[in-house]
Amino acid sequence: MIEEFDDFREHMNQRLLAADNKIIKRIFSVDTLTYQDAALDRQTKEMLGLCASLVLRCDDCVRYHLKTCHELEVSEAQLFDVFSVSLTVGGSIVIPHLRRAVAFWDELNQSHSNQNQK
């Protein structure tokens with residue numbers, strides 16, 4: 001699931017940016033700039049992005065933010081705090097997205113564990 005997600009995302013981002021549309025390029029740039037360290041650190045911003053993505057029910061965005069949170073060493077306790085805020089803000093309709101988020105998180109942990117064993 002991780003590799004498929006990464007490959008598709010990379011391929012389609014290249015395709016979108018190859019169209020050389022100024023608005024698309026600017027939005028991509030704003031997105032990149034938004035998640036850099038500033039008054040809030042990158043880890044906090046990624047957790048905020050994850051929360052918003054869960055509430056908006058965007059599974060691709062959830063996966064992206066989960067992957068980045070994993071890379072930034074967000075703990076499982078922090079992750080479940082984000083889930084609880086998302087559920088409170090978004091309501092029970094967020095539950096299916098939480099299920100998929102936990103499945104993806106578990107896969108990230110398993111992949112990381114397998115890499116460390118090599």
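One cavity reaches the cut-off of 30 Å³ or more in this predicted model. A cavity here is a space where a 1.4 Å probe fits but cannot get out. The largest cavity has a volume of about 30 Å³. Its lining consists of D59, V62, R63, H97, R100 and A101. Two helices, α4 and α6 (95-117), each give two or more residues to that lining. By class, the lining of the largest cavity holds three charged residues, two nonpolar and one polar.

Now turn to the open space. A pocket, unlike a cavity, is an open set of points. The largest pocket contains about 600 Å³ of space. It is lined by 22 residues. Closest to the centre of the pocket are R9, N13, F28, D31 and Y64.

Which helices supply at least two residues of the lining of the largest pocket? They are α1 (2-18), α2 (22-34), α3 (42-56) and α4 (59-71). Among these, α1 provides the largest share, with eight residues.

What is the make-up of the pocket lining by class? Eleven of its residues are nonpolar, seven are charged and four are polar. In the lining of the largest cavity, the three charged residues stand beside two nonpolar and one polar.

Key:
Residues are numbered from 1 along each chain as its sequence is written. This is a predicted model: local features need pLDDT of at least 70, side-chain atom pairs count only at pLDDT 80 or more; totals for chains, interfaces and linings use all residues. Side-chain values use heavy atoms; hydrogens and water are left out. On a 1 Å grid over the protein atoms alone, a cavity is a set of points where a 1.4 Å probe fits but cannot get out, and a pocket is an open set with protein on both sides within 12 Å along at least five of seven lines; lining residues have an atom within 4 Å of a point. Grid points are joined across faces, edges and corners, and a volume is the space filled by probe spheres set on the points. Helices (H or I, at least four residues) and strands (E, at least two) are DSSP runs, numbered from the N terminus. Ala, Val, Leu, Ile, Met, Phe, Trp, Tyr, Cys and Pro count as nonpolar, Asp, Glu, Lys and Arg as charged, and the others, Gly among them, as polar.
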